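The points are meant to be read beside the coordinates.

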Amino acid sequence: MRRSRIFINTVFATGIVYALFHYLYLKEALQKERKQTMKLEQLLRMANQMIMESDKGNLIHKMLEERNLSSVAIYGMSEMGERVMENILMHSSIKLLYGIDQRAEEIKLVIPVYTLEEAAEKDKPEAVILTAFSENDSLKKEIENIMSCEVVTLGELFYEQ
């Protein structure tokens, strides 16, 4: 009788521990999914804003020229970064020095792409255009500290005209 009670308690405790770990795993997975969804929503809103501004003739390179910038780098070389790169290269005399991305070694573009640490050792741009999204200003501040130059987000370009 005593052995069966110990066995039942052990099985019960194991079940509770399993349920707790499963709950924590699902909670973490859900948080990651929510974060990814927020990022995609921001990307969609920014792409929509870019299209609306482009229809009005407000292209990224013009906004950068209005800030009297002659050299820039782009941080975040996913789809949004590539669109910004194309706009600058095809329509502007602004010198695009390089791209910056955490996955620099995986990215092959017409411009060199470096990690932030590598970029810190290269020629300094007048500004870095931040196309990556973060939940707060920590990424922007980190880039400013490491690169010692102005960092301009796409939101600042489009919404603070």
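How many bridges join strand 1 to strand 2?

1. In this predicted model, strand 1 and strand 2 run parallel and are joined by four bridges. Within this pair, isoleucine 74 has glycine 99 of strand 2 standing opposite.

2. Strand 2 (95–100) is also joined to strand 3, by two bridges, and these two strands run parallel. Five of the six residues of strand 2 are buried, and the strand is described as mostly covered.

3. On the other flank, strand 4 (residues 127–130) runs parallel to strand 5, with four bridges between them. Alanine 127 has glutamate 150 in strand 5 as its bridge partner.

4. Taken together, the five strands form an open sheet in the order 3-2-1-4-5, with parallel pairing.

5. Helix 3 (residues 79–91) lies across strand 1 (71–75), strand 2 and strand 4, at about 160 degrees to strand 1. Strand 1, helix 3 and strand 2 make a β-α-β unit, which is right-handed.

6. Helix 5 (residues 138–147) lies across strand 1, strand 2, strand 4 and strand 5. The angle between helix 5 and strand 4 is about 155 degrees.

Conventions
Residues numbered from 1 in each chain as written. Predicted model: local features only at pLDDT ≥ 70, side-chain atom pairs only at ≥ 80, totals over all residues. Heavy atoms only, no water. Pairing = 2+ DSSP bridges. Contact = heavy atoms within 4.5 Å. Axes fitted to C-alpha atoms, helices over the stretch in contact; angles between N-to-C directions. Buried < 20%, exposed > 50% of the residue type's maximum accessible area, 1.4 Å probe, protein only. Right-handed = clockwise from strand over helix to strand, strands pointing away.
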